[in-house]
Amino acid sequence: MQLKKFSMSDTPSNKRTELAQLGEFGLIDHLTSDIKPINSTTLKGVGDDAAVIDQGDYVTLVSKDLLAEGIHFDLSYTPLKHLGYKAAVVNISDICAMNGKAEQLLVGISVSNRFSVEALDELYAGIKLACEKYKVDLVGGDTTSSASGLFISVTVIGRAKKDEVVYRNTARENDLICVSGDLGAAYMGLLLLEREKQVFKANPGMQPDLDGYDYVLERQLKPEARVDILEKLKEAGIKPTAMIDISDGLASEVLHLAKDSGLGCRIFENKLPIDVVTGDVAAEFRIDPTTAAMNGGEDYELLFTVNINDFDKVKEMPGIHVIGHMLEKAEGEYLISNGGSLYPIEAQGFNHMRED
């Protein structure tokens with residue numbers, strides 16, 4: 001059979017749709033909407049924090065992330081050891097969001113010749129440190145050259161009992177919406193680092209002024225997967241009805257839960273957990289802390305729903321905050337402000353396909 005000559009600009013209809021027209025999540029929906037699993041062992045494919053593969057009484061959980069220099073990280077202020085740690089942790093967090101335990105991890109890197117062996121040793125030291133902390137085995141990967149920059153691809157494999165897996169699309173009407181930890185700190189840490197980078201570019205003799213900002217900087221450079229929250233919930237006999245980790249901002253993630261579950265929701269501004277330091281830095285940048293909490297992203301906290309009958313249990317649990325509830329779909333998705341006004345929840349966090 002002879003193949004016709006193909007040009008990268010060719011499309012079946014000679015029509016060109018810009019990536020920015022669809023946005024990141026629209027593009028994912030577009031590319032995957034017609035994908036149908038053909039193997040009975042594929043319990044969940046595209047559309048959650050991890051794929052779910054049947055293994056009898058247990059399931060295997062698989063998640064993958066690609067981190068690109070200049071998009072996901074800036075090496076002018078991100079130490080390579082921290083980068084390696086973060087690259088592993090954000091994937092382990094995806095397994096947590098399925099109520100599972102991460103067990104193996106594979107790393108692929110594409111690297112230019114501007115990096116030395118010693119630099120890659122630092123990167124891998126961070127990856128190994130995360131694997132050691134979360135008891136995950138680094139079992140393989142791939143290494144290749146890059147024309148420019150650094151690209152890190154991490155695949156994490158986990159496991160859970162079949163009846164304990166938690167999905168995004170299984171929230172129910174009247175469920176409570178809960179979040180772990182606090183929100184907005186990672187975004188404030190990013191703004192600080194970007195500010196000091198600009199100061200340095202304008203005057204290379206200036207030293208970074210980061211005293212007193214340790215908390216928000218750590219939340220940006222060295223996040224943690226909330227394995228401890230899963231343990232607390234299990235000890236209390238609570239299984240979330242739906243769950244997702246907060247990588248793109250609370251607004252984006254709560255919309256995922258609502259859309260996938262076919263529901264509406266209400267989030268209360270006065271219930272959002274915001275650390276004092278986060279609030280102080282937000283004031284310094286003249287940013288509403290609520291905006292940082294709703295749209296900042298990279299918190300890697302767990303957003304989950306629980307049955308309303310579990311309210312008395314969750315309200316007493318340290319590190320867990322009840323911030324709203326699910327409603328029927330017709331009620332829409334709204335934030336109730338401190339003054340009692342309703343504002344539509346809109347995903348305004350980072351969008352990889354957005355035009356500059």
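Tutor: Start with a term: a residue is buried when its relative accessible area is under 20%, and exposed when it is over 50%. Keep in mind that this is a predicted model.

Student: What share of the 356 residues of the protein chain counts as buried?

Tutor: Apply the cut-off of under 20% relative accessible area. The protein chain has 356 residues. The share that counts as buried is 46%.

Student: How many helices and strands does the secondary structure of the protein chain come to?

Tutor: Both kinds of element are present in the protein chain. The count is 10 helices and 13 strands.

Student: Among contacts between residues at least 6 apart in sequence, what percentage joins residues at least 24 apart?

Tutor: A contact here means heavy atoms within 4.5 Å. Take the contacts in the protein chain between residues at least 6 apart in sequence. Those that join residues at least 24 apart make up 84%.

Student: Now the helices. At what angle do the axes of α4 and α5 cross?

Tutor: Helix α4 covers residues 185-202, and helix α5 covers residues 214-221. Their axes come within 7 Å. They cross at roughly 100°.

Student: Is α4 roughly parallel or roughly perpendicular to α5?

Tutor: Angles from 65 to 115 degrees count as roughly perpendicular. The crossing of α4 and α5 is roughly 100°. Therefore α4 is, relative to α5, roughly perpendicular.

Student: How many nonpolar residues does the contact of α4 with α5 have?

Tutor: On the α4 side, the residues include Met188, Leu190, Leu192 and Leu193. On the α5 side, they include Tyr215, Val216 and Leu217. By class, 2 residues of this contact are polar and 1 is charged, while the number of nonpolar ones is 10.

Student: Which elements do the buried residues of α5 pack against?

Tutor: In α5, the buried residues are Val216, Leu217, Arg219, Gln220 and Leu221. Those residues pack against α2, α4 and α8 (276-284).

Student: On to α2. Is Ile92 buried or exposed?

Tutor: Ile92 is found in helix α2. Away from its neighbours within four places in sequence, Ile92 is in contact with Ala102, Tyr134, Val136, Val156 and Ala225. Its relative accessibility is 2%, so Ile92 counts as buried.

Student: Is Lys135 buried or exposed?

Tutor: Lys135 sits in the loop between α3 (117-133) and β5 (137-145). Lys135 also has a positive phi, of about 55°, although it is not a glycine. Its relative accessible area is 66%, so Lys135 is exposed.

Student: How far apart in space are Ser110 and Ala68, C-alpha to C-alpha?

Tutor: Ser110 is found in strand β4, and Ser110 is buried at 15% relative accessible area. Setting aside neighbours within four places in sequence, Ser110 is in contact with residues including Thr144, Gly149 and Phe151. Ser110 and Ala68 are 42 residues apart in sequence, and their C-alpha distance is 9.6 Å.

Student: Next, the second largest pocket. Which element gives the most to its lining?

Tutor: The volume of the second largest pocket is about 410 Å³. Of its 19 lining residues, Gly100, Lys101, Val227, Leu230 and Lys234 are the closest to its centre. At least two lining residues come from each of α2 (80-96), β4 (101-111), β6 (150-161) and α6 (227-235). The element that gives the most, with 4 residues, is α6.

Student: How many residues of that pocket's lining are charged?

Tutor: The lining of the second largest pocket divides by class. There are 8 nonpolar residues and 2 polar ones. The number of charged residues is 9.

Student: What separates the C-alpha atoms of Ser252 and Glu346?

Tutor: Ser252 lies in helix α7 (residues 250-261). Ser252 is buried, with a relative accessible area of 5%. Ser252 and Glu346 are 94 residues apart along the chain, and their C-alpha atoms are separated by 7.1 Å.

Notes:
Residues are numbered from 1 along each chain as its sequence is written. This is a predicted model: local features need pLDDT of at least 70, side-chain atom pairs count only at pLDDT 80 or more; totals for chains, interfaces and linings use all residues. Side-chain values use heavy atoms; hydrogens and water are left out. On a 1 Å grid over the protein atoms alone, a cavity is a set of points where a 1.4 Å probe fits but cannot get out, and a pocket is an open set with protein on both sides within 12 Å along at least five of seven lines; lining residues have an atom within 4 Å of a point. Grid points are joined across faces, edges and corners, and a volume is the space filled by probe spheres set on the points. Ala, Val, Leu, Ile, Met, Phe, Trp, Tyr, Cys and Pro count as nonpolar, Asp, Glu, Lys and Arg as charged, and the others, Gly among them, as polar. Axes are lines fitted to C-alpha atoms, for helices over the stretch in contact, and angles run from 0 to 180 degrees between N-to-C directions. Angles under 35 degrees count as roughly parallel, over 145 as roughly antiparallel, 65 to 115 as roughly perpendicular and the rest as oblique. Buried means under 20% relative accessible area, exposed over 50%, partly exposed in between (1.4 Å probe, protein chains only).
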